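Please look over the sequence and the structure shown below before reading on.

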Amino acid sequence: MDLKKGSRIAVIGAGISGIAAANILKKNGFVPVVFEKHERIGGVWATAYPEVHLQNIYPQYRLSDLDWSFKPELHPTGEQIMRYLSEAVQSLQLDIRLGHEVLEMKEQPDGWLLRCKDKDGVHEEPFAYVILAAGQYTDGKNIPQFLDQEQFRGTIVTKRDITSLDIFNGKRVVIVGYGKSALDMATLAAERAAEVHHVFRTPGWLMPDWILGAHFTFALFTRFGNVMMTSWAQPTAIERFLHNKLSFVISSFWDMIQSIVVFQLKRTGKGKDQAAQERLRTLIPEHKILMDFRSSGALGPENYYPLVAEGKILPYHSEIECFSHETIQLKNGSVIPCDIVVLSTGYLTPTFPFLPDRYRSILEAEKDGPQLYRHLIHPGLPRLAFAGFNHGYMHIPAVEIGTQWLCAYLRGELELPSVEQMERSIENVRQWKRENIKFESARSCAVSTRFQQYIDILLMELGVSPYRKLPNPIAELFSRYEAADYKGVYEEYERKKAKRTAPLKTLPLDT
């Protein structure tokens, strides 16, 4: 492709992914216009429940070239993230159009015609290219229906309905689900409610904030830790040898981590009675810890296990069978009197109602979401790319580098493989995820804990060094990677581009 500088590119969604993508597009000489159907930027953070905190730490959740102007909490609050995003938009001087809902995208010979609705009515605007940066977590809450639910005289809500934690005051509360929001809800409710009952179909592995005295990011965010991470692709021959020929080393490492997590969980019940020990045992999953390294995998709230041990949160490894006027009945026979039921059961598979039907059928065909080539594009979708569908624990650098990769392709500086090769790569990644990661509705739209392998491969394809801490090999292996380590990727790419005489080519790796 050969898109000229100055070409207008529409970005749909003004969450962190849309903002990060627009910033990189602007650096590369394009003219991004960001459409946001809500009246606030921020995406999922604009609708977050009270007292929510980021699972990551703040040095890893920022634009690579724009630091926090203030010192947030180690795990920033939703309000602190919204402040950072507002300051970023102002600093970057991005064209963001709030209250603009994209109703329809009409394919044109040279791009797309976007039909949008705002307070002044409906209008159309042409663009050479479109990047979708919305739809994973801002829309489509999964709200299951249960037998006799209409008879219940209490309140049934989702996390999005909770604007004040006072809703829990003195109430008998049931939380359904085991993702981050469910665990947060249970922990927050326990400080206010008369009773808290936590119902879940399957317990998940919760990454503790601290592992034997070290913050969990030193296990997940160092290159040494990431070399041990299983993935659909390993970027170097050494990593491929380790995972293919010495896989017992990898499995032993994660068995050790899993044992430490179980040890720390059980230690919470030290000195408690037998009932407390039983409650904690209910929370130990039967599957391996690596299966839970996915988007909905959760960092354990600091007080969750202690509150379970103390009996302030009562766990039930079961499912809701039916409702009555004042109770829910579980499939294990338990009957729980309650006033409020919080359904925190995840999201629906992403949908794209504004796209032509033939393209929707490609993207919406799979229950675990659309798998893309390089988590960025699909060979069957012309002049269309995605930002944030490479969601992971180093999310913002992945979006930035993914968008830089896209810009190289748009400017004719990166050649793609054949359609058949891209489709085969897509299917290989999809199958690996299905075999190694538990189901979630956006499983295909994430790199999760495989962010280092993913980012490394994209940087190598751009001709940019993925080893951002060299020439210090000790720091490269054992220091925690942060967003600032990827500052200057665009500038390095531009310097090296001036010396090239032929287009770049993708690596024979799936990601």
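## Salt bridges

Arg294 and Asp292 are joined through their side chains by a salt bridge, with N and O 3.6 Å apart. The model in which this pair is found is a predicted one. Arg294 has a relative accessible area of 14%, so this residue is buried, the cut-off being under 20%. Asp292 is buried as well, with a relative accessible area of 3%.

The structure holds 37 salt bridges. Among them is the one between Glu278 and Arg281, whose closest N and O atoms are 2.6 Å apart. Both residues belong to helix H8 (residues 274-281), where three residues, about one turn of the helix, separate Glu278 from Arg281. An α-helix has 3.6 residues a turn, so residues three or four places apart point the same way. Glu278 counts as partly exposed because its relative accessibility is 41%, and Arg281 counts as partly exposed at 37%.

## A further pair and a network

Glu310 and Lys312 form another salt bridge, with 3.8 Å between the closest N and O atoms. Glu310 is partly exposed, at 45% relative accessibility. Lys312 is also partly exposed, at 46%. Elsewhere, salt bridges link Arg8, Asp95, Arg97 and Glu125 in a network.

Strand S1 covers residues 8-12 and is mostly covered, with four of its five residues buried. S1 pairs with strand S2 (residues 31-36) in the parallel sense, over five bridges.

Helix H1 runs over residues 16-27. Its 12 residues reach 17 Å from the first C-alpha to the last, close to the 16 Å expected at 1.5 Å a residue. H1 is mostly covered, as 10 of its 12 residues are buried. The buried residues of H1 include Ile16, Gly18, Ala20 and Leu25.

## Helix H11

Helix H11 (residues 395-410) is made of 16 residues. From its first C-alpha to its last, H11 reaches 22 Å, close to the 22 Å expected at 1.5 Å a residue. How many of the residues of H11 are buried? The count is 16 of 16, and H11 is described as mostly covered. Just after H11 comes Gly412, which takes a positive phi of about 75°.

## Helix H14

Leu477 is found in helix H14, which spans residues 473-478. Leu477 counts as partly exposed because its relative accessibility is 36%. Between Leu477 and Gly179 there are 298 residues of separation in sequence and 31 Å in space, taken from C-alpha to C-alpha.

## The second largest pocket

Rolling a probe the size of a water molecule over the atoms shows where empty space is left. The second largest pocket holds about 890 Å³ of space. Its lining is made up of 31 residues, and those nearest the centre are Asp209, Gly300, Pro301, Glu302 and Asn303. Two or more lining residues come from each of helix H3 (180-190), strand S11 (206-207), helix H7 (247-267) and helix H9 (304-310). Sorted by class, the lining of this pocket has 15 nonpolar, nine polar and seven charged residues.

## Two cavities

The structure has two cavities of 30 Å³ or more. The volume of the largest cavity is about 130 Å³. Fourteen residues line the largest cavity, and Met207, Phe293, Ala298, Leu299 and Tyr393 are the closest to its centre. S11 and strand S14 (298-299) are the elements that give two or more residues to this lining. By class, the lining of the largest cavity consists of 10 nonpolar, three polar and one charged residues.

The second largest cavity contains about 100 Å³ of space. Of its 14 lining residues, Ile24, Ser64, Glu400, Tyr486 and Val489 are the closest to the centre. Which elements each supply at least two residues of the lining of the second largest cavity? They are H1, H11 and helix H15 (489-497). H11 provides the largest share of this lining, four residues. In the lining of the second largest cavity, six residues are nonpolar, three are polar and five are charged.

Technical notes:
Residues are numbered from 1 along each chain as its sequence is written. This is a predicted model: local features need pLDDT of at least 70, side-chain atom pairs count only at pLDDT 80 or more; totals for chains, interfaces and linings use all residues. Side-chain values use heavy atoms; hydrogens and water are left out. The expected span of a helix is 1.5 Å times one less than its number of residues. Buried means under 20% relative accessible area, exposed over 50%, partly exposed in between (1.4 Å probe, protein chains only). A salt bridge is a side-chain nitrogen of Lys or Arg within 4 Å of a carboxyl oxygen of Asp or Glu. On a 1 Å grid over the protein atoms alone, a cavity is a set of points where a 1.4 Å probe fits but cannot get out, and a pocket is an open set with protein on both sides within 12 Å along at least five of seven lines; lining residues have an atom within 4 Å of a point. Grid points are joined across faces, edges and corners, and a volume is the space filled by probe spheres set on the points. Ala, Val, Leu, Ile, Met, Phe, Trp, Tyr, Cys and Pro count as nonpolar, Asp, Glu, Lys and Arg as charged, and the others, Gly among them, as polar. Two strands pair if DSSP finds at least two bridges between them.
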